[in-house]
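Hi everyone, thanks for coming. Have a look at the sequence and the structure on the screen, and I'll walk you through a few places in it.

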Amino acid sequence: MQSRVLLVSNRLPVTLTNGEGGLQVHPSSGGLATALASVHDAGDSLWFGWPGLVEGVPEAEVARALVPHRAVPIHITPAEVKAYYDGYCNGVLWPLSHYLLEKVRFDDVDDWPAYHAVNERFADAVASHWRPGDLIWVHDYHLTLLPSMLRYRCPGARIGFFLHVPFPGPEVFRILPRRNEVLRGMIGADVVGFHTAGFAYSFAYACSQLLGLELSGDVLSDSGRPVRVASFPIGIDADAFATRAATPEVRTRVEALRADSQGRKLLLSVDRFDYTKGHVRRILAFERMLKLRPELKDQLHIIQLVVPTREQVGAYADYRAEVNELVGRINGAFGSPTRTLLHLLHRAVEPDELSALYVAADVMLVTPLRDGMNLVAKEYVASRVDDDGVLVLSEFAGAATELHEALQINPYDLDAFAWAIMRAIEMPPYEQRLRMSGLRKTVHSAPVAQWAKSFLDALEQSPTETATSPSVALEQAMAIVMNAPRLLLVLDYDGTLVDFAPSPRTATPDKALLELLRRLSARAGTSVHVVSGRSRDSLEAFLGELDLGLHAEHGLWSRFERRAEWRSRRPLPPSWLDPVRSSMARVVQRTDGALLEEKSGALAFHYRATEPQLARRRLEELRAVLAADPQAGEFEVLEGSRVLEVRLRGVNKGAVLPEILASAPGATVVPLGDDRADEALFAALPPGAVGVHVGTGQSAARYRVSGVGAARALLKRIVDSGPSTPSMTSLAAPPTIGR
Ligand code: ADQ
C-alpha cells in the first residue's frame, strides 16, 4: 500500500474539550474509532472529522492541537449538531438502519438541509487536501452524500465508502423520503463496503429498484462507471486483546472481580447505552429465566457495562429511563437488601479494566436487536486465552455471520433467549472449549489490519476514472459559454431535464422546466435542441409548443422548427419489427411492472417498476431470444437505465449531430446528457464543445454536474446571463429534484 489515505469520518479519533486546564485531547470511543486507529497509526494518512464542540477556541488553535494526530478538523455549529447529528444522523438514519421505525423522526424540516450542508463542508475540506494518487476512504451513515460530492471536486479520485451500520432490507430503506439522494451519494464511490454480504445485497437491490442501476456480479453500473459493492467484515486486533488478557495487571483485576462474585457465575454485557443494543430484551430474558429457575438468583452476578452515548437525542433518554426501571424491577424481585443481582455500570472503562471484565466473565451476552458487526463479541472471544467462557450472540448482529460457534439467539424470542442463557450458565467445560477454540480461530484469522488492507487494496485496484472534471474547470467553461455570441444547446430529456419516473409516460415536464426552455430558446443567439430516445408523439406532446429543435428516437426523426414536418433520417424497412415485437410482447406479458414502448424504428422494454431479480431473469431470456432472431443483422440491442431497446442499426445521437451543428455554424456547442445513449453524442463533438455529463456515471464528456437539479441550475445561469425575457413562473426545480 503506497498511496496516501484520506480517512473521513464524522468523529475524529480524538475529541477536544475546552475545560479549565485549556484545550484537552481525549481518545474518541466507539467501534469506528477503534477500527480505523490501526490504519491511521500504521501509515501515511490524514484523518478528517469533527473534533467535538469547542466553543470559544479559535479554529487555528484547534487545528494546531490536532496536527500531531494528523487530523483535520471540520467544525459543526451547535445548531448543526442538533439538526445534522442528533437529527438526521441519529434521529433518522440510525434507527432506520436498525429497523426501529417507530424511533425515526421523519418530519423535522431542518434536519436534511443541515445534513446536506455538513456533507458539503466535509467535501470542500477533503477536496482542498486531496492530491492525485491519494485514496479517499469515507466512513459511515453520517457522510452518505460525500462520495458523489467528492467525485465532482476531485477528478479521477479513487473514493471508497464503508457503512458500519446495517443496510436495511430494501422495503425498509424505501421508507426514507431522501432515499434516492442517499443512494446517489453512496454510489459516487468506486467501492462501497459493508460488514456482511446481506447488507451489500440489500444496497445493490435498492440501487436497482430505486435508481435503475444494473448489477453484474458484485459490480453496479452507474451509467457505465463500475461501482463495486462487497462485504468486508471488520475484525479486531485479536493479538492485542489476547496479550493484554494475560498480563499480571489484568490477572490481578480478574482475581478481584472473582472475589467480588463470591463463587457466583459472572454474566457480562458491554455496550454503548443505545436502544439498538438490546438491554431491555436482555433484562426481560433474565427475568423470564429467573421465573423459570428462581434458584439461579443466588448463583449469578450480572454486570451490564454501558458507555454513555448520544445523550442529547430524545429517544435515548426514554430508553435509559426504561432500562433503569427494569433493572430496579429485577433487583427488587430477585435481589436482597444485602446483595444486588444486576449491576448497571454507567461509564467508559480503561482497556485493562475492560480486559479484566472479559476474562472474568463466565458468560458474555452480546444481544443487540440489530448491529452492523459488533466488536465487543470479538473482543470477548479474543480475551478468552484459556478457551473457556460462553458467548451468547444475537443472530441480528453482523458478527453472527462469522461467529458460528456462539450460542445464537433471536432477542425477540424471550423463551429461547432465557433457555440459551441457562444453557450458557450450565455448559460443560468440554463444550465451552470446543466452541471457544473455534471462535478464537475465526477472530484471530481476520485481524482489523487485514480488513483495512483488503478494502484499500480493492479501492486501489478499482479502474481509474478518465473523464471527470472539477467544478472549478466547469466554472471556467461557463464563463466562455455565457459570453459566447452564439450558443447551441443540445439536451437529452429523461435523466437530464427531468428525473426518471416509473413509466415513461409520466415523466412530463413541469411548469418550471417549460419556462426555462422557453427563456433559453428566446435568449439572443441561442438555439436549443432536444435529442431524446422518445417517440415523436411523446416529444410533441411534452415540448411541441416551444421553439426548439426536436429529435426523436435518438435522431431517427427530426423537426428543426416548431410546427415543421418530422423528417426521417433513413427509410424504415417494412414490417421488420413484427417478429421481434411478438417475442418481446410475450416476455412483457409475464413480467410484472414491465411495459413495451413502440416507436417507428424501435421497441423498448421498460422494466423500471419490475422487481430487480425478476427483471434480471427476463432480460437474460430476452437477450437470448433477440440474439437468435433471424433478422438480428437489421437491428442493434442497446441497454440503458432500466430499459432494453431494439433499434435499427446505425441510428444514434452522434449521427444526427452534424446536421444540428450545420444549423448553427460557429456556435459554441453545449450538450447535456446522462446515460449511455448520450455518449455517442459526446464522442462526435467538435473541439471546443462544452460537454456536460449529468450524474456520477462514466462519460467522455469533459464536465459533469450532479443531477437534474444541477443541470437545470446550469441552464438557468445561461438564461440569466443573456438579455432578459419576462418570466411567468419560478425557474426553481421542483423540491424532489437534486441538490
Ligand atoms: P458501535 O455501535 O459503537 O460500532 P461495537 O462494534 O460493539 O459498537 O463497538 C463498541 C466499541 O466500544 C468496542 O470496541 C468496545 O470495546 C467499546 N466499548 C463499549 N462499551 C465500553 C465501555 N463501557 N468502556 C470502554 N469501551 C467500551 C459501530 C457499529 C457496529 C460495528 C462498529 C465497527 O454499530 O455494528 O461493529 O461500528 O464497524
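Let's begin at the ligand: 24 residues surround it, and the closest are His164, Asp371, Met373, Leu375 and Glu379. Being near here means having a heavy atom within 4 Å of the molecule. A quick word on the source: this is a predicted model, where local features need pLDDT of at least 70, side-chain atom pairs count only at pLDDT 80 or more, and totals for chains, interfaces and linings use all residues. Residues are numbered from 1 along each chain as its sequence is written, and side-chain values use heavy atoms, with hydrogens and water left out.

Which elements build the shell around the ligand? Helix 1 (31–42), strand 12 (265–272), strand 13 (300–307), helix 13 (351–360) and helix 14 (375–383) each supply at least two residues. Helix 14 has the largest share, 3 residues. Helices (H or I, at least four residues) and strands (E, at least two) are DSSP runs, numbered from the N terminus.

Now the polar contacts, that is, pairs of N or O atoms within 3.5 Å; within protein, one must be able to donate a hydrogen and the other to accept it, and residues adjacent in sequence count only if both atoms are side-chain atoms. A polar side-chain atom of His164 sits 2.5 Å from a ligand oxygen, and one of Lys277 sits 2.9 Å from a ligand oxygen. Met373 takes part through its backbone, with a polar atom 2.8 Å from an oxygen of the ligand. Of the 720 Å² that the ligand exposes when taken alone, the protein buries 93% (Shrake-Rupley method, 1.4 Å probe; for residues, only the protein chains shown count as cover).

On to the inside. The largest nonpolar core has 106 residues, and Ile136, Phe167, Phe194, Phe203 and Met289 have the most contacts inside it. Such a core is a set of buried Ala, Val, Leu, Ile, Met, Phe, Trp, Tyr and Cys residues joined through side-chain atoms within 4.5 Å. Buried means under 20% relative accessible area, exposed over 50%, and partly exposed in between (1.4 Å probe, protein chains only). Helix 3 (residues 78–97) gives the most to this core, with 10 residues.

Last stop: His554, in the loop between strand 20 (549–552) and strand 21 (557–559). Its phi is positive, about 60°, although it is not a glycine. Most residues other than glycine have a negative phi. Is His554 buried or exposed? His554 is buried, at 5% relative accessible area.
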